[in-house]
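Subject: Structure for you to look at

Hi,

Here is the structure I promised to pass on. Please open it alongside this note.

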Amino acid sequence: MMKGSVPFGLKITQLNTLVAIAKMREVKLTLLSEILHMDVSTLSRNVDRMRQRGWITANSGEDGRIILLSLTEPGQELLQSATAAWQSAQEQVTLLLGLDGVAMLHQLTRSLGQNERK
């Protein structure tokens with residue numbers, strides 16, 4: 001993989017966005033920004049890029065001011081492929097580290113997350 005390249009052409013924020021939209025099927029842009037803890041303008045830029053790639057659609061709500069996001073078929077396929085690769089990577093890590101090693105890694109990341117919030 002070349003420096004700066006991203007698997008499946010996805011950045012982690014885009015993957016998180018796809019997952020969240022998939023879970024809700026259709027979601028308001030403003031609600032999604034709250035759920036993902038992202039500024040609306042930042043999320044809007046990401047949404048624009050993802051729309052250009054054909055992964056999501058953005059439609060006006062009933063009054064025209066609300067933007068509703070949903071996955072396109074290519075977006076759903078991309079998410080399925082990325083999820084399958086993620087699961088495969090998780091299995092490989094478990095094989096390499098063993099269950100005890102994975103448990104220690106989870107404990108370490110939880111500990112780091114708690115320290116970040118302090």
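Predicted model: local features only at pLDDT ≥ 70, side-chain atom pairs only at ≥ 80, totals over all residues.

Residues are numbered from 1 along each chain as its sequence is written, and side-chain values use heavy atoms, leaving out hydrogens and water.

Three strands form an open sheet in the order 1-3-2, with antiparallel pairing. (Helices, H or I with at least four residues, and strands, E with at least two, are DSSP runs numbered from the N terminus; two strands pair if DSSP finds at least two bridges between them.) Strand 1 (27-28) and strand 2 (56-60) are the edge strands. Strand 1 pairs with strand 3 over two bridges, and V27 stands opposite L69 in strand 3. Helix 1 packs on this sheet and touches strand 1, strand 2 and strand 3 (contact means heavy atoms within 4.5 Å).

Now for the helices. Helix 1 (residues 12-24) packs against helix 3 (residues 40-52) at about 85°, with axes 11 Å apart. Axes are lines fitted to C-alpha atoms, for helices over the stretch in contact, and angles run from 0 to 180 degrees between N-to-C directions. That angle makes the two helices roughly perpendicular (65 to 115 degrees; under 35 is roughly parallel, over 145 roughly antiparallel and the rest oblique). Helix 1 brings T13, Q14, T17 and L18 to the contact, and helix 3 brings L43, N46, R49 and M50.

Finally, I21 touches residues including V27, L32, I56 and L69.

Enjoy exploring!

Methods: Lists of a residue's contacts leave out its neighbours within four places in sequence.
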